[in-house]
Amino acid sequence: MNRIQKYDVVVMGGGISGAMAAVAASSLGAKTLIVESHGFLGGTLTANGVGPMMTFHAGEKLAIQGFTNQLIERLKKLGKSPGHIFDTVGFTYSVTPFDAEAMKHELELMVTESGGEILYHTMLAGVKTDSGRIISITVCNKSGLSEIEGSVFIDGTGDGDLSVGAGAEFTKGRDTDGAMQPMTLKMKMYNVDIPKVKEYIHNHPEDFPLYNGDTSIIEKAPRLSVGGFDSLFKEAKAKGEISIPRENILFFETNNPGEVILNTTRILGHDGTDAMSLSRAEMEGRKQCRELEQFVRKYIPGFENAVVESTGPNIGVRGSRQIKGVYTLTVEDLMEQRLFEDTIAHSGYPVDIHSPDGEGTKHQKLEWGGMYSIPYACMITESIKNLIVIGRCISATFEAQSAMRTTPTTGAIGHAGGVAAALAAEGGVDVQKVNIKEVQQKLKEQGAYLEV
Ligand SMILES: Cc1cc2nc3c(=O)[nH]c(=O)nc-3n(C[C@H](O)[C@H](O)[C@H](O)COP(=O)(O)OP(=O)(O)OC[C@H]3O[C@@H](n4cnc5c(N)ncnc54)[C@H](O)[C@@H]3O)c2cc1C
């Protein structure tokens, strides 16, 4: 087995959360390595076609700042994002479209400029523990098997792969039956005639129930985000042209005018941590995308000449394992806007559960401008002394996870995880004993928004 030199901080998984963790840890001087199975960073944002990022805001307040917002500032300067714009779906405050290719490069630059190293095309293959500590991980890539040692390990895999390898406990899905949110294979199309789509929306307000008859909202942003086309979708379903177990079409224009991301397929009953189930889900997603392509081109004015640019490339998994932490975030914490002593991030994104049973999406919003808090105790386990969990697999109930899982929030959580890991490595202390006041102070110094 090859041996790779020892690092202060090893981040497993280079999604938005892992990337922000690597930037934060290396900015504090920790020798940091980020390990990613793809050949680029960004996770769902670049490898699954997810977008826009939603939402950095809680009312007027920019609740998520720090490195995650710096990424947007960098993209804006390059003309690769219009920044935070009004959400014309009418669901949350702002959405942040971006160009995915530019994001790949900017994330990579942010990590390397801060001194971090990146190991691409590499999967986790094993975890060696001793006396409640992770000693090393084994990874698999074109060089064969290699062992990487570290002082502190961060799990940014989204599915908790590293934590489970280290023996952490976890839950999956909703309490009643363990069912998880459906997966979605995204589809990106270009050459969409947006003015023509808007004309249809204005002429058929009844097809867009979220707008309550007033479609003027779609003129409030430089890019179109919309959910609806209900009657057209219903008609196609009745004719047997669509088998997707969803009630309407949802799409978002990206940074590039006329390019849209369709968030409409719905793949039920699969498990993102079971390789065979995941493979079957990809195939079902592809079938649904083919139906969707035919549907939009035939039924939606403005899509006649639209071209499929990509699906996925990988199917998107909204939720799988939640690693059991010292504290588990609940929906009551969110709705009561509970502030914790060890708060490390805030968010205004609502509960958003795509039904695991078929049609329907459950939303539960905070009062306008309301903002909940994420405590550090959701990112550490009781027993593993050098493991920090970040991103969508932190300790949270099914309902709470459906809110905290979106990309600005997971970016902010990753930022905090990187700071805590660097401080634990520097001080030689267990992650459970990190001085939280110091974490909060460093986060503020690095530009994060914290009301503690
Ligand atoms: C279909 C869908 C639609 C969504 N829509 C939106 C939206 O519109 N806006 C929004 O803000 N959020 C949206 N989300 C939520 C959001 O995309 C994710 O929850 C968020 O990106 C999670 O970030 P993360 O860093 O925790 O994980 P991920 O982005 O999943 O990153 C995990 C990374 O770890 C790597 N990895 C995983 N396992 C291993 C392993 N064993 N070895 C090596 N590498 C590994 C992966 O390749 C990946 O790069 C959506 C999610 C889905 C699935």
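1. T55 sits in the loop between α2 (44-47) and β3 (57-58), where helices (H or I, at least four residues) and strands (E, at least two) are DSSP runs numbered from the N terminus. T55 counts as buried because its relative accessible area is 0%, and the terms used here are buried for under 20% relative accessible area, exposed for over 50% and partly exposed in between, with a 1.4 Å probe and protein chains only. This is a predicted model, in which local features need pLDDT of at least 70 and side-chain atom pairs count only at pLDDT 80 or more, while totals for chains, interfaces and linings use all residues. Residues are numbered from 1 along each chain as its sequence is written, and side-chain values use heavy atoms, with hydrogens and water left out.

2. A polar atom of the T55 side chain lies 3.2 Å from the backbone nitrogen of H57, and a polar atom of that side chain lies 2.9 Å from the backbone oxygen of S94. Leaving aside neighbours within four places in sequence, T55 is in contact (heavy atoms within 4.5 Å) with I64, T92, Y93, S94, G348, Y349, T406 and P408.

3. Is T122 buried or exposed? T122 is placed in the loop between β7 (117-119) and β8, and it counts as buried because its relative accessibility is 1%. Beyond residues up to four places away in sequence, T122 touches M12, V35, E36, S37, V139, C140 and N141.

4. H270 belongs to the loop between β15 (260-262) and α8 (275-299). Its side chain makes a polar contact with the side chain of S277 at 3.0 Å; a polar contact is a pair of N or O atoms within 3.5 Å, where within protein one must be able to donate a hydrogen and the other to accept it, and residues adjacent in sequence count only if both atoms are side-chain atoms. With neighbours within four places in sequence left aside, H270 is in contact with M180, M183, S277, R280 and A281.

5. Which residues are closest to the ligand? The ligand is surrounded by 35 residues, the closest being E36, T44, P52, R405 and T407, and a residue is near a molecule if one of its heavy atoms lies within 4 Å of it. By class, this shell has 10 nonpolar, 19 polar and six charged residues, where Ala, Val, Leu, Ile, Met, Phe, Trp, Tyr, Cys and Pro count as nonpolar, Asp, Glu, Lys and Arg as charged, and the others, Gly among them, as polar.

6. The elements giving two or more residues to the shell are α1 (16-27), β8 (123-130) and α11, and the largest share, three residues, comes from α11.

7. The largest nonpolar core has 99 residues, and those with the most contacts inside it are I344, Y376 and I388; such a core is a set of buried Ala, Val, Leu, Ile, Met, Phe, Trp, Tyr and Cys residues joined through side-chain atoms within 4.5 Å. Helix α11 (residues 407-427) gives the most to this core, with 10 residues. A second, separate core of 37 residues includes L185, M187, F208 and L262.
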